[in-house]
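Please have a look at the sequence and the model, and then at my notes below.

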Amino acid sequence: MLRPLAEGDADFFFDVYSRAEVVRYLGSARTVADRAEAERKLAGWIALDHPVHGIWGIESRQDGALVGVLLLKPIPVSAGEVDTHDIEIGWHLHPDAWGNGFATEAGVAVLKHAFASGVERVIAVTNPANAASRRVAERLGMTYAGSSTHYYDTTVSLFEITAQ
């Protein structure tokens with residue numbers, strides 16, 4: 001189940017993004033240093049206001065506990081690349097929630113939302129070593145489109161899906 005992020009999520013946010021095992025495959029792979037930094041990052045994500053794009057909390061249907069974050073947003077291109085205005089889907093889960101289908105369930109809901117809103121193509125980029133995220137992309141029906149250096153100033157595995 002997805003819900004908007006809120007200021008009250010700061011403890012969870014810090015817990016997730018301060019873990020090396022969570023951030024090791026994300027962008028700079030830098031952990032959040034302290035709760036104040038987590039609050040600033042969370043506030044920035046909460047402030048995003050767009051009718052289609054967003055960053056949502058993923059809750060467990062069992063107990064309503066926050067287990068992760070799902071993103072649907074414009075993806076930054078690498079330095080020197082032409083911006084193609086691609087829309088990225090991504091998922092960041094607490095290690096206690098790994099392997100329980102939360103990312104796939106949330107991803108299906110957000111892809112439905114994106115395509116119903118007129119988005120024609122969504123991509124996911126994963127670190128080539130991140131087999132778990134690759135499996136999520138595949139379960140979402142995304143097709144592997146090869147290796148790319150177009151995003152995040154690094155080499156990524158690119159996945160894509162188009163509106164049906």
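Here are a few points on one strand and on the pockets.

1. A reminder to begin with: this is a predicted model.

2. Which way do the residues of S2 point? Gly54, Trp56 and Ile58 face one way, while Ile55, Gly57 and Glu59 face the other. In a regular strand, side chains alternate between the two faces of the sheet.

3. S2 has antiparallel partners to look at. Strand S1 (residues 2-4) is joined to S2 by 3 bridges, with Arg3 opposite Gly57. Strand S3 (residues 66-74) pairs with S2 over 6 bridges, and Trp56 has Leu70 as its bridge partner there. S2 and S3 make a hairpin with 6 residues between them, and Gly64 in the turn has a positive phi of about 75°.

4. S2 provides the largest share of its lining, 3 residues. Among the residues nearest the centre of this pocket are Gly54, Ile55 and Trp56. The lining counts 9 nonpolar, 4 polar and 1 charged residues.

5. How much space lies in the largest pocket? The answer is about 1,100 Å³. Its lining has 46 residues, with Leu26, Trp91, His92, Asn130 and Ser133 nearest the centre. Strand S4 (87-93) gives the most to this lining, with 6 residues. By class, the lining holds 23 nonpolar, 14 polar and 9 charged residues.

How values were computed. Residues numbered from 1 in each chain as written. Predicted model: local features only at pLDDT ≥ 70, side-chain atom pairs only at ≥ 80, totals over all residues. Heavy atoms only, no water. Buried < 20%, exposed > 50% of the residue type's maximum accessible area, 1.4 Å probe, protein only. Helix = DSSP H or I, 4+ residues; strand = E, 2+ residues; numbered from the N terminus. Pairing = 2+ DSSP bridges. 1 Å grid on protein atoms, 1.4 Å probe; cavity = no way out; pocket = protein on both sides within 12 Å on 5 of 7 lines; lining within 4 Å. Points joined across faces, edges and corners; volume = space filled by probe spheres on them. Nonpolar A, V, L, I, M, F, W, Y, C, P; charged D, E, K, R; others polar.
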